[in-house]
Structure formats: C-alpha cells, structure tokens
Protein chains: 2
Amino acid sequence: MIPTQMLKGMLEGCILEIIRKQETYAYEISKLLEEYGFGEISEGTIYPIILRLQKSELVKATVRDSNSGPKRKYYRLTEKGTVSLNEFKDNWNELEHAINHLFTGGNEDA
Amino acid sequence: MIPTQMLKGMLEGCILEIIRKQETYAYEISKLLEEYGFGEISEGTIYPIILRLQKSELVKATVRDSNSGPKRKYYRLTEKGTVSLNEFKDNWNELEHAINHLFTGGNEDA
DNA sequence: TAGATGTATCATGCATTGCAAGGTACCTGA
DNA sequence: TCAGGTACCTTGCAATGCATGATACATCTA
C-alpha cells in the first residue's frame, strides 16, 4: 500500500488527469483511483481537494440527476486546469528521473 | 523545480539509498541530492530527517574529523535501515506504476 | 589582525495536505 | 422497515518539508 505521505502533492494532479480524460464526479473519482492502483483513497481526502480545485478555478462543476442516488456534481477542466495539469506532469517527470537516477546508479563504493 | 509537497515521503527513502551507497554525512547528502536532480534541499529539511532515522535506528553515526571544517557525522545503514529502504522501493514502484498507468491511458472519451 | 567565505551541525515554528471520523440525504431491494 | 449502496460535505489531527536563525571551525585575503 502506498503510504499517505508519498501521496502528498500527487493526488491533485492525478485527479486533474482523471477529469481531463472524462467528465466525472467525486464519488467515481475515488473508485477510479483505486482501479488505477492508488489503493483506497478516503473521501475525506478527495472532497477537500476538489473544493480547492474549484476555488482556484482549475475545474468547473455541473450538477446532474443520478438514477441511483443523490445528484452528482460533474467536473470538467478549465484552461487554467489544463495548464496546471501540464505543470504537474513536468514536475512528476523531474521527480521520477531524479529518483530513478538515484536508484539505478548501483553502489558507489564498488 | 519539484514542489515541496511532492517530496513529502520521498526524501527519507532517498537519503537511506544515498547512505547505503556510501557512508556519508548530512552536508554531503544535501549536495548529492542536488546532483541527482532533486534541486536544492534545505538543511532544515535534511537534519530533522536524519535525526528521525537515528531515533528509529535505521542509521548509525560515527563522528570523524574533517580537514576542511568542523567534525562530520558519518552515517551507515543498519539492518532495519536496509529493510526500510526495501519497503520504500516497493512503495515507490507501486506509486510509479499507478501514476504511469493513469497518464499513459489516453483519453477515455475518444 | 579582521572579515568574508565555505564547511558542518542543530532547533523552532509554520504551511500544506492526506486522512479518520462523523454527519446528511437519496434510492433500491430484502 | 431497514440495511446497504450511492453521493455529498466538514472538522480536527498528524506528518513532513522548509524558512529562519544560531553555533562553530578552517581558510583565504585585505
């Protein structure tokens, strides 16, 4: 299981990418994150993130009826959201390279 | 530059790996992290991490003289440290796979 | 001799963020 | 009727990176 500390700073970008792929709502996002292999991400995690995304205008919401429960809030990316997502991808690549560089170097003592 | 939030939970494992490769001290670790591409990691970050590693007995220290300044505290991994490092590697792989799975899937709308 | 620079250690308090826990409310099926 | 799934949200805690500041040794230069 991925420790919660390692998820910090990751989930926001991942949720943006999920919304980019497909207009969707918070409850479904939590299911999708699990399917992608992030493990079970608490709703107490997801809702605050989405509120933040709305406040900073990276996503916009549309309320629609559901045929299996309460109304859903569907989210889609704004332009700012697309920019932010691209920045996240760049940062992720930087981190991935740094860590893989560190961990594939072998033992310097040898 | 990698945002600080994305480093949370990463640096501890990375510092363990640096120490595994080579017995070294905090000041040098900060230089090495920069060389590996993590950017400039503040000393206010590194020293607390190393104190934590010592308290949880993942590393042990040896004080030695330096010919270019104050004494250095050289760190080496304990057995617990090796175990912890391996756990970190597993967790990192999990995270890397999840994120790459998410970001290589293309647009589900298409 | 004095001061700047580089080396080397550590402590304090803040900001951010994931999460546990709890709350509300709708719909379906047993 | 009531349990379970769907769907939203809030509050307060814990962990961690970092800015800031302090201490101190060694070397070089004015």
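**Charged side chains and chain symmetry**

Reply: We may begin with B:Lys80, which pairs with B:Glu57 in a salt bridge whose closest N and O atoms are 3.9 Å apart. A salt bridge here is a side-chain nitrogen of Lys or Arg within 4 Å of a carboxyl oxygen of Asp or Glu. This is a predicted model, in which local features need pLDDT of at least 70, side-chain atom pairs count only at pLDDT 80 or more, and totals for chains, interfaces and linings use all residues. Residues are numbered from 1 along each chain as its sequence is written, chains are lettered from A and ligands numbered from 1 in the order in which they are written, and side-chain values use heavy atoms, with hydrogens and water left out.

Me: How many salt bridges are there over all chains?

Reply: Side chains of opposite charge can pair when their charged atoms come close. Under the rule of 4 Å between nitrogen and carboxyl oxygen, the count over all chains is 10 salt bridges.

Me: B:Arg20 and B:Glu17 meet in a salt bridge; in which helix do both lie?

Reply: The N to O distance between the side chains of B:Arg20 and B:Glu17 is 3.0 Å. The two residues are three apart, about one turn of the helix. Helices are DSSP runs (H or I, at least four residues), as strands are (E, at least two), numbered from the N terminus. The helix that holds both is α2 (residues 11-21) of chain B.

Me: B:Lys71 forms a salt bridge with B:Asp65; is B:Lys71 buried or exposed?

Reply: The closest N and O atoms of B:Lys71 and B:Asp65 are 3.9 Å apart. B:Asp65 is exposed, with a relative accessible area of 61%. For B:Lys71 the relative accessibility is 61%, and therefore B:Lys71 counts as exposed.

Me: Which C-alpha of chain A is nearest the axis?

Reply: Two copies of a chain are related by a rotation about an axis and a shift along it. Here a rotation of 180 degrees with 0.0 Å of shift along its axis superposes chain A on chain B, with RMSD 0.0 Å, by least squares on the C-alpha atoms of residues with pLDDT of at least 70 in both. That is the relation of a two-fold axis. At 3.1 Å from the axis, the nearest C-alpha in chain A is that of A:Lys8.

Technical notes
Buried means under 20% relative accessible area, exposed over 50%, partly exposed in between (1.4 Å probe, protein chains only).
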